[in-house]
Amino acid sequence: MKFVRYSFAPIAFLLMAAAPNGQSIAHNGNNNGAMSCASCHGPTFGGNPALQAPPLAGLPVSTIETALNNFASNPSSNPMMHQVASALAPDERQAVAVYLSGLKAN
Ligand code: HEC
């Protein structure tokens, strides 16, 4: 029984270490081809009219995630967002969507 109890600890640690950090991706990118979302959508994700980048803060998770999936799978959508979204793994898209959704709209 002791063996069973202690053997789960390293697994839990690995799962936590592997989970992508949505806040870090939103502010710094993923170091794997996806630029910081803030660089175009604004430092507080309130949008940037000059770039025609819409606000993201406070949008529903499903809206953000669906948009990212569509940008990724459709090269003729928006060239900037196609590049960003296709450089994000599905679990990174979800993590960044959850983070942005939790922010206050501005
Ligand atoms: C190089 C600039 C740029 C970067 C970097 C960028 N975006 Fe965008 N994003 C845009 C532009 C421009 C649009 C508008 C595209 C359109 O209308 O077709 C957009 C649209 C979106 C939309 C659609 C929103 C809506 O209401 O339809 C989402 C969601 C989104 N971006 C998420 C992200 C996330 C998450 C990141 C970071 C991982 C990111 N973007 C990084 C420029 C950028």
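How do the residues of the shell around the ligand divide into nonpolar, polar and charged? The shell comprises 17 nonpolar residues, four polar and no charged (Ala, Val, Leu, Ile, Met, Phe, Trp, Tyr, Cys and Pro count as nonpolar, Asp, Glu, Lys and Arg as charged, and the others, Gly among them, as polar). The model is predicted, and local features need pLDDT of at least 70, side-chain atom pairs count only at pLDDT 80 or more, and totals for chains, interfaces and linings use all residues. Residues are numbered from 1 along each chain as its sequence is written.

Of the 21 residues around the ligand, M35, C37, C40, A67 and N78 come nearest (a residue is near if its C-beta atom, placed from the backbone, lies within 6 Å of the molecule). Two or more residues of the shell are given by each of α3 (38–41), α4 and α5 (helices are DSSP runs of H or I, at least four residues, numbered from the N terminus).

Helices α4 (residues 61–73) and α5 (residues 79–86) pack at an angle of about 100°, with their axes 7 Å apart (axes are lines fitted to C-alpha atoms over the stretch in contact, and angles run from 0 to 180 degrees between N-to-C directions). Helix α4 is thus roughly perpendicular to α5 (65 to 115 degrees). In this contact, L68, F71 and A72 of α4 meet M81, H82, A85 and S86 of α5 (C-beta atoms, placed from the backbone, within 7 Å). These residues divide into five nonpolar, two polar and no charged.

In helix α6 (residues 90–101), the buried residues are E92, R93, A95, V96, A97, Y99 and L100 (20 or more other C-beta atoms within 10 Å of the residue's own, all placed from the backbone). The buried residues of α6 pack against α2 (22–28), α4 and α5.

Technical notes
Parallel < 35°, antiparallel > 145°, perpendicular 65-115°, else oblique. Contact = placed C-beta atoms within 7 Å. Buried ≥ 20, exposed ≤ 12 C-beta atoms within 10 Å, placed from the backbone.
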